[in-house]
Amino acid sequence: MYICELTLQNFRCYSRLTLELPAGLNVFVGPNTSGKTSLLEAVLLLATTKSPRTNRDHEVVRWGSCWARIVGQFGSSGGASPNIAVTLKGQGQVAEGGEAVPSYLTGPKHVEIDRRACDSALQVVGQAPAVFFSPDDLQLIKGAPGVRRRFLNMAIGQISPRYLDDLRRYRRALAQRNELLKQVARGEADGPTLAPWTGQLVEAGVRISADRERFLAQLSPVAADMHGALTGGTERLQTRYESVLAGGGDDEERETAFREQLEKQWPREALLGATQVGPHRDEVVVTVDSRRLRRFGSQGQQRTAALALKLAEAQVIGRRRGEMPVLLLDDCLSELDPARAAGLLELLAGFDQVLVTSATATEALRRCNWTAWHELAEGIVRQKRGVSGTDE
Ligand SMILES: Nc1ncnc2c1ncn2[C@@H]1O[C@H](COP(=O)(O)OP(=O)(O)O)[C@@H](O)[C@H]1O
Ligand SMILES: [Mg+2]
C-alpha cells in the first residue's frame with residue numbers, strides 16, 4: 001500500500017499543503033520544527049484515526065483554527081485504493097482563511113472513506129494500514145505495560161476489525177463491572193448483579209487474548225530476525241505474551257481459566273472495587289538473551305528492540321493482509337551508527353512505500369535508493385524525484 005497524494009488544511013504548522021508521493025522510499029529532510037513529524041503524523045491519522053503524538057485530537061489543529069482536514073489518496077498494486085478524509089474540530093475561534101467550520105463536522109472528528117461519511121471513526125482502521133516509528137517509541141520497551149498493550153491494539157486492529165469491536169465491548173463491560181464492584185465494596189450491591197457484565201467481559205476477553213497470543217506468536221520470530229539484521233546477530237530478541245489467559249488452548253479452556261481466576265480474585269475485587277484480572281492487565285515481555293529489556297537493557301538496546309518490534313509489526317500486518325503497510329520512520333537514523341543505519345535502509349526494500357524523515361542529509365540517506373527527496377522549510381516542501389542514489 002502507498003499514499004499517492006496527501007492534502008492538509010490547518011493541520012499543525014501547515015495551513016494548506018498538497019503533496020504528491022511516489023511509491024518507494026521518500027526522504028524528508030529539514031531542520032527541527034520544519035514540519036517533518038507532522039507529515040508522518042497525518043498519514044498515521046488517516047490509517048488509524050489516531051495521532052502518535054497526542055490523545056487530544058484538537059491539538060493537531062493549527063493554532064487559532066477551528067478545524068483541520070487531512071485527505072489521503074491511497075494506491076495499491078492489487079487491492080483497494082481508498083480515499084480517506086479525516087476532519088477534526090479545533091479549539092480556535094477564528095476560521096483560517098475565513099473558512100467556516102464545515103457543516104458536516106458536528107462532533108470532534110468526522111471520517112470519510114471514498115467521499116462517503118462513516119458512522120464510526122473505527123470503520124477507517126485497516127483501510128490503509130500504516131506503521132509509525134519515532135525515537136519516543138523507546139517507551140515501547142521502557143514504558144508501563146499499557147504502552148505495550150496499546151501497541152498490540154493498534155497492530156491487531158489494523159488486521160482485524162472484529163478485534164476493535166471486542167475491545168470496545170470489553171472496555172464497556174469492564175467499566176460497568178468496576179462501577180458495580182465499587183457499589184459492592186460500599187455494601188450497596190451484591191455479587192449476583194455482576195453476572196451479565198462478567199459474562200460479556202469473559203466473552204470479549206477470551207477473544208482478545210486469543211488474538212493477542214496469535215499475533216505475538218507471529219511477531220516474535222520476525223522481530224528476532226529484524227533485530228538480528230539491525231545488530232549483526234549477536235543477541236537474541238524474544239517477545240512473549242504474559243497473561244492469566246496465556247498458554248494457548250481453545251476458547252473454552254480460556255473461558256474456564258478466566259472464570260476461575262475471577263472467582264479466585266472475588267474477595268479482593270469486592271474489597272478494592274475493581275476487576276483484578278483480565279486482558280487489561282496483560283503484558284508483553286521483551287527479552288534479549290533471556291534478560292528483561294525493560295529493566296536491564298541499555299538505552300541503545302531498548303531503542304533497537306523497539307525498532308525491531310515496529311518493523312516486525314509491519315511485516316506481520318503485511319503477511320496477514322497480503323499487502324505491506326506504509327512505513328513511517330520519524331527521525332530514527334540519527335540515533336543509529338552508520339552501519340546500523342545502512343542495515344535499516346536495506347531492510348526497507350521489502351515495503352511498497354516508506355516515508356523517512358531526518359534533520360540532516362546523512363551519508364547513508366544520500367547513498368540509498370530513494371525515489372523522492374523532499375526538502376522542508378517553514379511549511380513548504382520542495383521535491384526532487386527519481387534520481388536514485390545521488391543527491392544531484
Ligand atoms: N497545532 C499546531 N498549530 C500550529 N503549529 C504547530 C501546532 N503543533 C505544532 N506546531 C508547530 O509545528 C512545527 C513543526 O513541528 P514538527 O512537525 O514536529 O517539526 P519537525 O518534526 O520537523 O521538527 C513546530 O514549530 C511546532 O511548534
Ligand atoms: Mg520531528
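**Helix H5 and beyond**

Modeller: Helix H5 covers residues 195-231, 37 residues in total, and spans 51 Å from first to last C-alpha, close to the 54 Å expected at 1.5 Å a residue. Helices (H or I, at least four residues) and strands (E, at least two) are DSSP runs numbered from the N terminus, and the expected span is 1.5 Å times one less than the number of residues. This is a predicted model, in which local features need pLDDT of at least 70 and side-chain atom pairs count only at pLDDT 80 or more, while totals for chains, interfaces and linings use all residues. Residues are numbered from 1 along each chain as its sequence is written, and chains are lettered from A and ligands numbered from 1 in the order in which they are written.

Colleague: Where in H5 does the kink lie?

Modeller: A kink of about 30° is found at Leu219, shortly before Pro221. The bend is the angle between axes fitted to the seven residues ending at a residue and the seven starting there.

Colleague: Changing topic, which residues come nearest to ligand 1?

Modeller: Cys13, Thr33, Lys36, Thr37 and Ser38 do, out of 15 residues around ligand 1; a residue counts as near if its C-beta atom, placed from the backbone, lies within 6 Å.

Colleague: What is the strand order of the open sheet of three strands?

Modeller: The order is S9-S10-S11, with antiparallel pairing; strands pair if DSSP finds at least two bridges between them. The edge strands are S9 (237-242) and S11 (291-292).
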